[in-house]
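Dear colleague,

Please find below the structure that I am handing over to you, with its sequence. My notes on what was found in it follow.

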Amino acid sequence: MTAAAASTGEGHHRQRGQAALVDPLVARRAPGDPPWDVYLTGTVFLDIIFTGLDSAPVRGTESWARGMGSSPGGVANMATALARLGLRTSLAAAFGDDHYGEYCWDALEQGEGIDLAASRTVPGWHSPVTVSMAYEGERTMVSHGHEPPPEAMLVHGGAPDRPPHARAAVASLTPGKRDAWIAGAAARGTRVFADVGWDDTGAWDLAGLADLEHCEAFLPNAEEAMRYTRADCPRAAAHALTAHVPLAVVTLGAEGAYAVDGRTGETAEVPAIAVEALDPTGAGDVFVAGFVTGTLADWPLADRLAFAGLTAALSVQEFGGSLSAPGWGEIAAWWRRVQSVEGQAPEALRRYAFLEALLPREETTPWPLRRAVPTIGFGRSA
């Protein structure tokens, strides 16, 4: 979906079973591999995005948006980003049995090809909803949801007790809480990549991230990394984190990202790509998805960072969370455009030259076509 499509509510869906343009793990696949490349679990929201607002809504007035889109949000942002990069993705989540839940289930399973065998529909549960309003390069969000019933909590806790066998898993760590599925997955050889949210307790105690001991990589932003390590700069924080996790990746916002592999001592730093950012929603999820993809494909550390940064940069140029996650078609279009720009800096061409061997030779229609569905009124029988 281009920015124009987002603002008009136009959109398209790929059908179940349609493959990505590129399988980044094709050289790594062998008989006996796990059935899934990535497993993750969490809460799925219905995201409704209003675009084309000239300014922030004013109290006591009615504002009209020129465009509207809807998509699954929450953990669905990460799942969608992984699937669009060609990874076989399995998601365990609870879905409400209302129309919102049906829509999110169908959009993920049929629209994105994500496996939902470990997910459940919870009778009588209202799907969580977030409304996002984008204007002047900013966003304002309002969310609503009900306390999940026990059935939903079981799914979010990693049910079934033995999650699907996968090459990798993405976990969102919560201070002071253990999720049993993380240790179980790591014990089966699954490589766990972890991120973390803001610590509302203010403790910023790494000991509180108990499941970090089961993780291969930890990907906080600069502020989070410095608070957890008490370091005075994000690069020092990354080095300090390798005492707790083998691979530390710290995102630096407009400066790019920095990574340290504590097992080898290797470091890498890649600058951010300068783009016009319309909406940062989901960019962190897309960055993690890009880094996981490169890691599973066994790319050099600097290439993994560059690819993660590229996918995140492409996502912020579009509105919405999962709506904006790029696929290989968008990546190929970007690379062709970079190569065609006269006077392009040679270091930029060298930095992303590894894409040449991955991308389709011929020009193709971007996959998946960006989508911004303007209504929830399409049922399963449509």
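Asp-298 lies in the loop between α8 (283-296) and α9 (301-315); helices (H or I, at least four residues) and strands (E, at least two) are DSSP runs, numbered from the N terminus. Although Asp-298 is not a glycine, its phi is positive, about 65°. The residue is exposed, with a relative accessible area of 55%; exposed means over 50% relative accessible area, buried under 20%, and partly exposed in between (1.4 Å probe, protein chains only).

Please bear in mind that this is a predicted model, in which local features need pLDDT of at least 70, side-chain atom pairs count only at pLDDT 80 or more, and totals for chains, interfaces and linings use all residues. Residues are numbered from 1 along each chain as its sequence is written, and side-chain values use heavy atoms, with hydrogens and water left out.

Arg-230 is another residue to look at. This residue, which is not a glycine, has a positive phi near 65°, and its place is the loop between α6 (222-229) and α7 (234-241). Arg-230 is exposed, with a relative accessible area of 56%.

Next comes helix α3. The helix has 14 residues (99-112), so at 1.5 Å a residue it should span 20 Å, and the 19 Å between its end C-alpha atoms agrees with this. The expected span is 1.5 Å times one less than the number of residues. Buried residues of α3 include Tyr-103, Cys-104, Trp-105 and Leu-108. The buried residues of this helix pack against several elements, among them β2 (44-51), β3 (67-74) and α2 (75-84); contact means heavy atoms within 4.5 Å. After α3 comes Gly-113, with a positive phi near 75°.

Finally, there is a sheet to consider. Four strands form an open sheet with mixed pairing, in the order β3-β2-β7-β8; two strands pair if DSSP finds at least two bridges between them. At its edges are β3 and β8 (138-144), each of which pairs on one side only. Neighbouring strands are turned by 20° against each other on average, direction ignored. Axes are lines fitted to C-alpha atoms, for helices over the stretch in contact, and angles run from 0 to 180 degrees between N-to-C directions.

Eight bridges join β2 and β3, which pair in the antiparallel sense. Asp-47 stands opposite Ser-71 in β3. Helix α2 lies across β2 and β3 and runs at about 90° to β3.

Yours sincerely
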